[in-house]
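Please take me through this structure in the viewer, stop by stop, saying what to select and what is found at each selection.

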Amino acid sequence: MLNGLCTKMRFMMISAAMLVAVAPPAIAGPVALGTKLPGADLALKNAADGKAMTLAKATGTKGTLVVFTCNDCPFANAWEDRIVELGNGYAKQGIGVVFVNANNPGGNKGEGLAATAKRAKSRHMQFPYALDESSNVARAFGAERTPEAFLFDKDQKLVYSGTIDDNSDEPKKVTKQYLKDALQAVVNGKAPPVAETKSLGCGIKFKKAS
Amino acid sequence: MAALSVATTAQARKKIAPVVVPADLQTILSEVRRPGAAAVLLNVWATWCDPCVEEMPSLMAIYKRNRDLGLRVVLVSADPRTQSKKVSAFLAKHGFDGPSFLKIGDDQDFINGLDKTWSGTMPVSLLFDGQGRRVKTWSGLIDQALVQTEVDALILKAKTP
């Protein structure tokens with residue numbers, strides 16, 4: 001499994017020739033605010049039914065939330081209940097919500113199609129939890145870790161990227177609900193009060209570009 | 001006699017399980033800036049972080065090669081506070097007996113306080129000179145030879161009058 005890991009530094013070492021045909025170029029960090037929904041037509045697989053999907057088909061009338069997450073990361077797990085609650089809640093308010101698992105499962109049975117489908121069901125996700133089997137959607141976003149959220153407005157322009165809130169370990173001690181505040185602002189047609197945040201997180205285990 | 005002394009020191013080091021101290025950014029930076037080192041290498045990691053675990057042997061090789069030459073290695077774990085025994089056991093297994101912390105406090109303050117260009121993805125290694133000035137940041141797996149070159153330069157610089 002370790003050999004399958006690919007950090008940002010490793011991407012920078014991949015030769016340009018390997019990236020030409022299929023994979024979008026590696027991006028240093030998340031795409032800039034104002035960027036139109038990247039990778040919108042790249043292939044994803046909805047874990048719940050195994051069918052192909054794209055972000056372009058999952059956008060909402062008021063905005064779109066894309067969260068890169070996975071099943072095995074302690075940080076993603078710590079925030080999972082809160083993110084799912086936000087996703088379920090704002091999906092009913094005109095936000096298209098998609099969770100994306102871009103981890104190359106390698107030999108890890110905790111990731112991959114079956115585990116992701118099980119996760120979506122057990123956590124009662126009322127939106128797609130999709131596999132990014134090539135990791136190309138994550139590359140297009142410049143996503144690096146899990147969980148990492150990207151929120152787009154009704155025109156599909158990026159208005160927020162970053163973390164969920166300011167306390168992964170202790171939900172009761174959260175003082176800044178960055179993503180919730182951004183979602184509410186987008187639903188109201190306003191700019192998020194905070195547009196970019198950071199957090200510690202697990203590096204995405206990228207599948208090698210082909 | 002000298003060989004016996006080295007062996008004894010090595011045995012003593014092997015037996016010591018590092019105390020892992022919960023610490024905020026300021027406490028960690030105080031350790032980085034504490035006088036007495038020619039260079040300080042700070043690494044942020046976690047026991048559940050696969051690439052962090054993967055690079056630990058390289059990090060320990062740098063530590064063991066340079067600790068008596070003036071390099072201080074400071075490890076900061078992002079594991080939950082409840083995992084301090086696991087962190088300590090892991091570091092003992094790798095023979096680390098230097099300063100070790102469990103990060104507490106706000107993530108953004110911590111990340112930006114170390115290096116504003118760092119996204120928060122682990123592992124990350126930051127190299128400081130003897131005055132506590134950051135000179136390099138490596139995000140992702142370290143290149144042991146590259147880090148050694150930078151450490152050598154700082155140790156040499158510290159020796160130069």
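This is a predicted model: local features need pLDDT of at least 70, side-chain atom pairs count only at pLDDT 80 or more; totals for chains, interfaces and linings use all residues.

Begin by selecting Thr146(A), which lies in strand S6 of chain A, residues 145–146. With a relative accessibility of 2%, Thr146(A) falls under the 20% limit and therefore counts as buried. Now display its surroundings: leaving aside residues up to four places away in sequence, Thr146(A) touches Phe68(A), Thr69(A), Cys70(A), Cys73(A), Phe75(A), Ala76(A), Gly201(A), Cys202(A) and Ile204(A).

From that list, select Cys73(A) and Cys202(A), whose sulfur atoms lie 2.0 Å apart and form a disulfide. This pair links distant parts of the chain, since Cys73(A) sits in the loop between strand S3 (63–68) and helix H3 (74–91) of chain A, while Cys202(A) belongs to strand S9 (residues 202–203), and the two are 129 residues apart. Viewed along the S-S bond, the link of Cys73(A) and Cys202(A) is right-handed, with 80 degrees about that bond, and both cysteines are buried.

Cys49(B) and Cys52(B) are each buried.

Finally, return to chain A and select Cys70(A), which takes part in no disulfide, the nearest cysteine sulfur being that of Cys73(A) at 4.8 Å. Cys70(A) has a relative accessibility of 2% and so counts as buried.

Terms used:
Residues are numbered from 1 along each chain as its sequence is written. Chains are lettered from A and ligands numbered from 1 in the order in which they are written. Side-chain values use heavy atoms; hydrogens and water are left out. Helices (H or I, at least four residues) and strands (E, at least two) are DSSP runs, numbered from the N terminus. Buried means under 20% relative accessible area, exposed over 50%, partly exposed in between (1.4 Å probe, protein chains only). Contact means heavy atoms within 4.5 Å. A disulfide is a pair of cysteine sulfur atoms within 2.5 Å.
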